[in-house]
Amino acid sequence: MRAAGRRGQHARSPVYAPPLVARVGDGRLTGSVSRGSRGVRVHTQRINLSMCVSVCFHPQTLMWCVRSPSPSPSPCASPAATPLPLTHSLCSFPYRLVSSIPFLCSAPLPCSAPPRCLPMATPPPIPLLDTASLRQAALRFPPPAGVKFSYGTAGFRTDAALLPSTIFRMGVLAALRSICTQGITGLMLTASHNPVHENGVKLVDPSGGMLAVSWESYSDLLANAPDADNFVQAVEDIIRNEKIQERGKSGEKVLLGRDTRPSGQSLLEAAFKGVEAVRGVEAQDMGILTTPQLHWMVRCINKRVPATESDYFRTLSKAFSTLSDLRPSGLGECTDHENLIVDAANGVGADKLFQLQKVTPSLRVQVRNSGLEGEGLLNDGVGADFVQKEKIPPRGFDASSDSSKRCASLDGDADRLVYFYISPMEQTDATSACLQLLDGDKIATLFSSYIMDQLQILRGKSLLSGAIPNTEIPGFGTVKVAVIQTAYANGASTKYIKQVLGLEVALTPTGVKHLHKRAAQYDVGIYFEANGHGTILFSDNFLQWLHDAASLEEEGQRKQAARRLVAVSEMVNQAVGDALSSILMVESVLRYRNWSLQQWNALYTDLPSRQLKVTVADRSVFKTTDAETKVAFPSLLQGAIDTLVGEYCRTLEVVMEFVALKVVGNFLCFMLVILSYQEVHNWKSNISFGQSREVRGRKGFCEAIRN
Ligand SMILES: CC(=O)N[C@H]1[C@@H](OP(=O)(O)O)O[C@H](CO)[C@@H](O)[C@@H]1O
């Protein structure tokens, strides 16, 4: 908005550094203040309101005035309206002062007649975009020919060389999302567990969670626009569709993070250019981070709590110490004298673990596969995905010298965690050593049993009094607790959680966005995918009660249990699954129980299973239902799978749970059945799974499922 004052001695000299922010209706009004010959003026940067206003500040009376943009050069010619005191809530208008500014200046009253507020029928459009420069910027990042981008379970992921246009465009989208939600968003450059030559992008909503599902189609739309003109058109469509023009405030920002991939730096440039192509939105480089750290920062910054990387480490470390201090007496010394050996997948988790360890001396960790020269490539024969799928030790681990040791694996961006140990050869019937995997399911049961213990204490019951579903706690009421899993969960874990812990288990499709959303419906929602993604969520209501109980209860067991749960809520990432905070949680629970990995593993025995992955020409052909446990299309497929499963059940005497079908949307993933796209298309004419070329081409279907 144009400043009204004549240029004079004081014209445009800034008076206040702090930004001035007033909330107006559902928009926010932000401006800087300067002193002109007519007094002190507030220059608004952006207004998206049902009425268009400027704000001026009456220095002698400490008054605010709000007026319409003047059609004449002299706004003071407008009829008078009563100025409103600074401290006034401005409620005669739909205005609320959200931050006041210190009064520093005493210039003369600017106008003889204060201006008035004048509603305007249609606000003039405030362009977010300079379409010409957006087009110009987009021209610098042309999309690769013949590539179709598809927003997968958690964003885009492909060969890094193909990504600059997509990253630029996701920068634009993250900026639009920031304006639309009036919050700070995030953009993480990572391809997680995928090979080092790939990269990708995950977008973070102001809640700290994944990008809203309703915006995923915009991502596809932008990423696949064939040229700059179509891209600009698509951006304008989104702005219109989401009515973004009317929502803007200032202070919109996108936090940018990246993992250690070499392609990260140049893709970061593309992301910067994308964000800054949207007027008024700032991009802030947060440096090299784990994916969960960026989610955590976005969540915290939007909640106005300290959100730097040091804050992250400090918060985790403090909660870990609290849990150590609250370890029940009488358990004796911890059995975990040995270091935990962590395979960091040659990724970002290694350095972050070093940093965490610096502020958490009682965490005894030895890091391997840290990505240093000579240690190997990111995710190559190492990391949580490798260990979980292959069930063999990662590179850098030796079956004999590391046997029985406490080990864990992260993935490349440290949002997955699995634990494992290698059984000594004499304890296995095989000729080679056997890796004992403690995957996301085992972690979920460990966490759930700990949470249930604490609830039992809060309930005033003995820990031995058995399963307590939906615990009634004096002073709070019923605490709704559930464990959220996907179709990949091992049936033995589900049975244990339901029957031994007495907890509800909910199934959702694969992808953190689904599990997280479901977990948030409970007072305590523990979610984990078998691959090691997961966390524990607490409802605001229950957390508030826990805080009160932790401070108000008399010294005793109940107070301790409340304090433990508060510490858990601070240590375990509330935005997304986080391998580093999950390590601290696992270590805390093992210390609390004085358990070794072997004792933890003995909670239940996994049913044997094998996961097979088949690349198909077009995964979108396949539709699943019942949280991905059944094929809905092609329609004959499920019947054939059932028949085949039935046959193998008979011949191999395998249990039904072993052969349940698991299908995932990102690629076609069967726990058991192998088929190819071509075969699905020939389905009606001659398909017989057991005889298919793919099946014969491997070591054989029977052998595959026996492993
Ligand atoms: C944040 C997120 O949703 N991550 C997804 C994604 O894992 P990444 O570790 O982010 O690659 O793909 C997995 C397999 O499809 C799925 O299990 C998981 O939930």
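**Strands and ligand site**

Author: Start with a hairpin: S25 and S26 have four residues between them, and Asp626 in that turn has a positive phi of about 50 degrees. A strand here is a DSSP run of E, at least two residues long, numbered from the N terminus. Two strands pair if DSSP finds at least two bridges between them. S25 (residues 623–625) and S26 (residues 630–633) run antiparallel, joined by three bridges. Within that pair, Thr624 stands opposite Val631 of S26.

A word on the source. The model is predicted: local features need pLDDT of at least 70, side-chain atom pairs count only at pLDDT 80 or more, and totals for chains, interfaces and linings use all residues. Residues are numbered from 1 along each chain as its sequence is written, and side-chain values use heavy atoms, leaving out hydrogens and water.

Now the sheets. Strands of a sheet pair through backbone hydrogen bonds, either parallel or antiparallel. (Axes are lines fitted to C-alpha atoms, and angles run from 0 to 180 degrees between N-to-C directions.) S22 (residues 524–528) pairs with S23 in the antiparallel sense over five bridges. Ile526 has Ile536 as its bridge partner in S23.

Another open sheet has five strands, ordered S14-S13-S15-S16-S17, again with mixed pairing. S14 (365–368) and S17 (434–438) are the edge strands, and each pairs on one side only. Here the twist averages 30 degrees between one strand and the next. S13 (residues 340–343) and S15 (residues 407–410) run parallel, with three bridges joining them. Ile341 stands opposite Cys407 in S15.

Next, the ligand. It is surrounded by 16 residues, and the closest are Arg157, Ser192, Lys202, Glu529 and Asn531. (Near means a heavy atom within 4 Å.) This shell divides into three nonpolar, seven polar and six charged residues. Ala, Val, Leu, Ile, Met, Phe, Trp, Tyr, Cys and Pro count as nonpolar, Asp, Glu, Lys and Arg as charged, and the others, Gly among them, as polar. Domain 2 (131–288) and domain 3 (290–607) both give residues to the shell, so the ligand lies between them. The domain bounds come from an automatic or database assignment.

Look at the polar contacts, pairs of N or O atoms within 3.5 Å. A polar side-chain atom of Ser192 lies 2.7 Å from a ligand oxygen. For the side chain of His193, an N or O atom is 3.1 Å from an oxygen of the ligand. For Asp411, the corresponding distance is 3.5 Å. Taken alone, the ligand exposes 440 Å², and the protein buries 95% of that. (Areas use the Shrake-Rupley method with a 1.4 Å probe.)

Methods:
A polar contact is a pair of N or O atoms within 3.5 Å; within protein, one must be able to donate a hydrogen and the other to accept it, and residues adjacent in sequence count only if both atoms are side-chain atoms.
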